Amino acid sequence: MSNKRVIFMGTPDFSATVLKTLAQSAYQVVMVVTQPDRPKGRGMHLGSSAVKQTAQQLGIETIYQPEKLRSAQVQAPILVCEADYIITAAFGQLLPDRILQHARVAAINLHASLLPAYRGSAPIHRAILNGERVTGVSTMLMTHALDAGDVLLQQSCVIEASDTVGSLYEKLAQIGANLLLETLDRYENNTITAHPQDESKVTYAAAITAADQKVNWQQSAQQIYNRIRGLNPEPGAFCLFRGKNLKLWQSSLAAETGADQPDANQPAAAQPGEILQADWQGLLVQCGSGRLRLTEIQPAGKNKMAAAAFIRGNKVTKGELLS
């Protein structure tokens, strides 16, 4: 058993799961560092990060919410808090050297990829967008460079064809939390060896931009299917219908069901984005290659709804175009 003191840094749900597991272990979380409260929702009311909410539920008294950690003044509260380990998980900032060196034993990061693949801020989104079949989590010693430290432990995870970012987040968060505890225990017992990353195999997972959200119907059905689930539940893929944004939340590959096969009355050369069927099953859409059935969508200013309800409410007809 350990009574080692930990400063934990993180922000989203992924980090909150890790914090909860860490707080239930023998390690003592003496400070939580997370992003400041931000305006959220339609009312733009201030909302706390998932990590702050979890820390409050756990009764952790010291919660620090700096915007950035660059200045000595901002770093001071962290530097006066004695810690054996500094742990980060989806924190979203590189730590200055003074903070890295403050940990008496080690500064360790939990990253949601099999490093050196997908270094950066959106490894889970990018893995699904790229159609990867396997991803994982890594623990590593932190350095001043982005996700470039020596790797301590890794564990892989299969990406199911039906996985969204949300479902994969949950899987990786729990796998990562357990891997972090194993890492700390083995670090304490000197039974772990750090391995340098192979720089020739580095890939990057850049932050998701608005350009990533827009569906290009010239792409294959598989690529668009990956885009929709790779941006669900945040920030969401979208296209345009009758000149207005239409968010796309759930879809299926047409080849998966016999009902989605081309029928004899369908024109042989439908345009990418053309609606081939609009019925109780949803919107069947022609892609650059293959067809995709949209089953859950969200018109601008509305809540998410079944595509069938949208069709009824908007009198969508075969032959209309999504762009």
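1. Asn-109 is found in strand S7. In this predicted model, the residue is buried, with a relative accessible area of 8%. The side chain of Asn-109 makes a polar contact of 2.6 Å with the side chain of Thr-88. Leaving out residues up to four places away in sequence, Asn-109 touches Thr-88, Ala-89, Ser-138, Thr-139, Met-140, Met-142 and Asp-147.

2. The overall architecture may be stated next. The protein has 9 helices and 17 strands. Its C-alpha trace spans about 70 × 45 × 30 Å along the principal axes. Of its 323 residues, 50% count as buried. Among contacts with a separation of 6 or more, 65% are accounted for by residues 24 or more positions apart.

3. Helix H1 comprises residues 13-23. Its buried residues are Phe-14, Ser-15, Ala-16, Val-18, Leu-19, Thr-21 and Leu-22. Which elements cover these buried residues of H1? The cover includes strands S1 (5-10), S2 (28-33), S6 (85-89) and S7 (106-111), together with helices H2 (50-58) and H6. Strand S7, which takes part in this cover, is the strand that holds Asn-109.

4. Two packed helices are described by the angle between their axes and the distance between the axes. For H1 and H6 (residues 165-188), the angle is about 40° and the axes are 8 Å apart. An angle under 35 degrees would count as roughly parallel; H1 and H6 are therefore oblique to each other. H1 passes H6 in a right-handed crossing.

5. The residues that form this contact can be named. On the H1 side they are Phe-14, Thr-17, Val-18, Thr-21 and Leu-22. On the H6 side they are Tyr-169, Leu-172, Ala-173, Gln-174, Ala-177, Asn-178, Leu-180, Leu-181 and Leu-184. By class, the contact of H1 with H6 has 10 nonpolar, 4 polar and no charged residues.

6. Asp-13, Ser-15, Ala-16, Leu-19, Lys-20 and Ala-23 in H1 meet Ala-50, Val-51, Thr-54, Ala-55 and Leu-58 in H2. By class, this contact has 7 nonpolar, 2 polar and 2 charged residues.

7. Helix H2 has its own set of buried residues: Ala-50, Val-51, Lys-52, Thr-54 and Ala-55. They pack against S1, H1, S2 and strand S5 (63-64). Just after H2, Gly-59 takes a positive phi of about 80°.

8. Asp-163 is found in the loop between strand S10 (151-158) and H6. Is this residue buried or exposed? Asp-163 is buried, with a relative accessible area of 4%. A polar atom of its side chain lies 2.8 Å from the backbone nitrogen of Glu-160. A further polar contact, of 2.7 Å, joins the side chains of Asp-163 and Ser-167. Apart from neighbours within four places in sequence, Asp-163 is in contact with Ile-128, Val-158, Leu-168, Lys-171 and Arg-229.

9. Arg-293 is found in strand S16 (residues 291-299). Arg-293 is buried, with a relative accessible area of 3%. A polar contact of 3.4 Å joins its side chain to that of Gln-277. Arg-293 and Gly-136 are 157 residues apart along the chain, and their C-alpha atoms are separated by 29 Å.

10. Met-44 provides an exposed case, with a relative accessible area of 53%. The residue lies in the loop between strand S3 (38-40) and strand S4 (45-47). Met-44 and Ala-205 are 161 residues apart in sequence, and 29 Å apart in space from C-alpha to C-alpha.

Definitions and conventions
Residues are numbered from 1 along each chain as its sequence is written. Side-chain values use heavy atoms; hydrogens and water are left out. Axes are lines fitted to C-alpha atoms, for helices over the stretch in contact, and angles run from 0 to 180 degrees between N-to-C directions. Helices (H or I, at least four residues) and strands (E, at least two) are DSSP runs, numbered from the N terminus. Angles under 35 degrees count as roughly parallel, over 145 as roughly antiparallel, 65 to 115 as roughly perpendicular and the rest as oblique. A crossing is left-handed if the near helix is turned anticlockwise from the far one by less than a right angle, and right-handed if clockwise. Contact means heavy atoms within 4.5 Å. Ala, Val, Leu, Ile, Met, Phe, Trp, Tyr, Cys and Pro count as nonpolar, Asp, Glu, Lys and Arg as charged, and the others, Gly among them, as polar. Buried means under 20% relative accessible area, exposed over 50%, partly exposed in between (1.4 Å probe, protein chains only). A polar contact is a pair of N or O atoms within 3.5 Å; within protein, one must be able to donate a hydrogen and the other to accept it, and residues adjacent in sequence count only if both atoms are side-chain atoms.
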